Amino acid sequence: MGTYLNSITPYTLYKSECISAYFVDKTLMLRELFPYVSAGNRHICITRPRRFGKSYAANMLAAYYSKGADSEKMFSGLQISKEADFREHLNKYDVVHIDI
C-alpha cells in the first residue's frame, strides 16, 4: 500500500466518479497509453482544453496504474476490462499524483 500525504487518494476520487449518475466510461484512453508504458516512457503529459476532464483523466490513470490500491474490482466492469492486456499494467507502478 502506498503512502499518501492526504487522506483523499486518486482511487477514492475515481471510485466516487464511477458511481455518479453522470459517469461516462473513458477507460479506453488507457489502451492508447499501453504502448508508451510498455516502451518505458516514464513521463506522459496529457493536455486538454479547459473544463475537458484533465483531473478526471489523471484520477483514472492514477487509480489504474498505482500500486497504492487494488482497483481490479472497480475497473472490471468498465470498457478497459475487455482488452486482452487489461491486467498487464493494472496496479503495477509507483504513481505520484499531485492535485493542484
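Guide: Let us begin with charge. The protein has 13 positive and 10 negative charges, and their mean positions lie 6 Å apart. This is a predicted model, in which local features need pLDDT of at least 70 and side-chain atom pairs count only at pLDDT 80 or more, while totals for chains, interfaces and linings use all residues. Residues are numbered from 1 along each chain as its sequence is written, and side-chain values use heavy atoms, with hydrogens and water left out.

Visitor: What makes a residue count as positive or negative, and where is its charge placed?

Guide: Lys and Arg count as positive, Asp and Glu as negative, and His and the chain ends are not counted. The place of a charge is NZ of Lys, CZ of Arg, CG of Asp or CD of Glu.

Visitor: Why is the pair Arg-87 and Glu-72 called a salt bridge?

Guide: A salt bridge requires a side-chain nitrogen of Lys or Arg within 4 Å of a carboxyl oxygen of Asp or Glu. For Arg-87 and Glu-72 the N to O distance is 2.5 Å, so the pair meets the definition. In general, side chains of opposite charge can pair when their charged atoms come close.

Visitor: What does the pair Arg-87 and Glu-72 tie together?

Guide: Glu-72 belongs to helix H4 and Arg-87 to the segment after H4, so the pair ties together parts that are 15 residues apart in sequence. A helix here is a DSSP run of H or I with at least four residues, a strand is a run of E with at least two, and both are numbered from the N terminus.

Visitor: Why is Arg-87 called exposed, and Glu-72 partly exposed?

Guide: Buried means under 20% relative accessible area, exposed over 50%, and partly exposed in between (1.4 Å probe, protein chains only). Arg-87 has 52% and therefore counts as exposed; Glu-72 has 28% and therefore counts as partly exposed. Of the 100 residues of the protein, 31% are buried.

Visitor: Which other salt bridges can be described?

Guide: Lys-67 and Asp-94 meet at 3.9 Å, N to O. Lys-67 lies in the loop between helix H3 (54-65) and helix H4 (72-75), and Asp-94 in the segment after H4, so this pair joins parts 27 residues apart in sequence. Lys-67 is partly exposed at 46%, whereas Asp-94 is exposed at 67%. Glu-32 and Arg-31 also form a salt bridge, at 3.9 Å, N to O. Arg-31, at 34% relative accessibility, is partly exposed. A network of salt bridges links Arg-31, Glu-32 and Glu-83. The search of the whole structure finds four salt bridges.

Visitor: How do you know that the radius of gyration agrees with a compact globule?

Guide: The radius is taken over C-alpha atoms, and the globule rule is 2.2 Å times the number of residues to the power 0.38. With 100 residues, a compact globule would have a radius near 13 Å; the protein has 13 Å, so the values agree. The C-alpha trace spans about 30 × 30 × 30 Å along its principal axes.

Visitor: What is the secondary structure of the protein?

Guide: The protein has four helices and zero strands, in the order α-α-α-α from the N terminus.
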